[in-house]
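Thanks for coming. Please look at the screen.

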Amino acid sequence: MQAVAQTPLAFSRTKIEETAAAYAAGNREGARRLAIAAYLEGFELTESALSNVDAPLRVEIEREMMAIRTAIADGSTAEAVTAQATKIMALLERAADRLSGSTVSPNTAFVSSLVILLREGLESILIISTIVAFVVRTGRRDALPYIHVGWIGAMVLGVVTWSLARYILSISGANRELTEGLTALLAAAMLLYVGWWLHSRSNAQAWNRYVREQLTSALATRTLWTMAGLSFLVVYRELFEIILFYETLWSQAGANGHSAVMWGIATAAGLLLLVGGVILRYSVRLPIGPFFTVASSLLAVMAVIFVGNGIAALQAAGILDVTNVRFFSLPLLGIHPTVQSLVPQALILALIAGGIWSNREKAD
């Protein structure tokens, strides 16, 4: 495994070549497994590094490596699979040339480090800040320990995961994607529940009734534990992915760039705290109805994003099939042009719309 970690692109090229050979020999399932390994155990380890120098090339390689898996699943001819494998190997050669500089400059290391944490941490800070604003806004400061236990527990488990991955175990690419996918889908379910709960109380009459009847009821307790679990999941999921990105960047930056990486992390952490502070400051000033509406809308959008990215992770792990469609791709918002991700997202949007309509009918 150490050799693989040192030369991920060479590993990918070898596995892609073996994929074409296995498919030509009639071993369709073996070819599928080799194609998945080529991505998860090879190319994926270079994704963040390649994004720093040639993001379009990274996207193209990802697309073509998914395409060969689709060709195998569809039972394409051996010649077509071989041609696709040849195309991928040429792209991997280009990637190797782009990354041949072995180390990145301190400035690039700083910017990359900053962007990694900002990009991956923004989702978590938005959700947790919204939850904290909710409990503060509704006078339930006694619930804050639940929320803090969630994200602090995620931080602790993230450190443990990093230690295990670095010093004891080698976490396979399939297990990485499976963990990211399942936690994203579970977090999406929790987001929908909390978002629906907030929206159902977004009008003053419903909120006043809730305050009178059940501030300390079993529903409130269950909701608080759900929020604690949500704060854990969204932070741990992002940390799990951040670990991989920073491991790659740390190696690529070299000894001269390590301080730049650390400064990037510190700067990004400060910006995320600032974002969280702004959300808290302005959320607590909103009237209760608009606050719940804004908060529930944000959580609904995040649920749709998590569903898309969670399914994409399961597809990368080979758990779900990939059926490409003509649609734009925007991974930052969880949009991936596949039937398996777009259909569940459409259903989630329909469910959200139905919930909004139902709540309005009850309010009327």
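The largest pocket here has a volume of about 1,500 Å³. This is a predicted model, in which local features need pLDDT of at least 70, side-chain atom pairs count only at pLDDT 80 or more, and totals for chains, interfaces and linings use all residues. Residues are numbered from 1 along each chain as its sequence is written, and side-chain values use heavy atoms, with hydrogens and water left out.

Back to the pocket. Its lining has 44 residues, and the closest to the pocket centre are Glu47, Arg58, Glu62, Pro331 and His336. As for the term, we work on a 1 Å grid over the protein atoms alone: a pocket is an open set of points where a 1.4 Å probe fits, with protein on both sides within 12 Å along at least five of seven lines, and lining residues have an atom within 4 Å of a point. Grid points are joined across faces, edges and corners, and the volume is the space filled by probe spheres set on the points.

Which helix gives the most to this lining? It is α4, with twelve residues. Helices α4 (47-73), α6 (106-137), α8 (173-199), α10 (218-283) and α11 (288-316) each supply at least two. A helix here is a DSSP run of H or I with at least four residues, a strand is a run of E with at least two, and both are numbered from the N terminus. The lining divides into 19 nonpolar, ten polar and 15 charged residues. Nonpolar means Ala, Val, Leu, Ile, Met, Phe, Trp, Tyr, Cys and Pro; charged means Asp, Glu, Lys and Arg; the others, Gly among them, are polar.

Now the charged pairs. Side chains of opposite charge can pair when their charged atoms come close. We call it a salt bridge when a side-chain nitrogen of Lys or Arg is within 4 Å of a carboxyl oxygen of Asp or Glu. How many salt bridges does the structure hold? There are nine.

One of them joins glutamate 93 to arginine 13, with the closest N and O atoms 3.5 Å apart. Glutamate 93 lies in helix α5 (residues 78-98) and arginine 13 in helix α2 (residues 8-24), so the pair ties together parts that are 80 residues apart in sequence. Glutamate 93 is partly exposed, at 39% relative accessible area. Buried means under 20%, exposed over 50%, and partly exposed in between, with a 1.4 Å probe and protein chains only.

Another joins aspartate 54 to arginine 98, at 3.3 Å between the closest N and O atoms. Because aspartate 54 lies in helix α4 and arginine 98 in helix α5, this pair ties together parts that are 44 residues apart in sequence. Aspartate 54 is buried, at 15%, whereas arginine 98 is partly exposed, at 41%.

Glutamate 62 and arginine 58 also form a salt bridge, 3.0 Å from N to O. These two are four residues apart in helix α4, so about one helical turn separates them. Glu29, Arg32 and Arg33 are linked in a network of salt bridges.

Glutamate 64 is found in helix α4 and is buried, with 9% relative accessibility. Leaving out residues up to four places away in sequence, glutamate 64 touches Gln84, Lys87, Ile88 and Leu91, where contact means heavy atoms within 4.5 Å.

Finally, the whole chain. It has twelve helices and zero strands, and buried residues make up 49% of its 364 residues.
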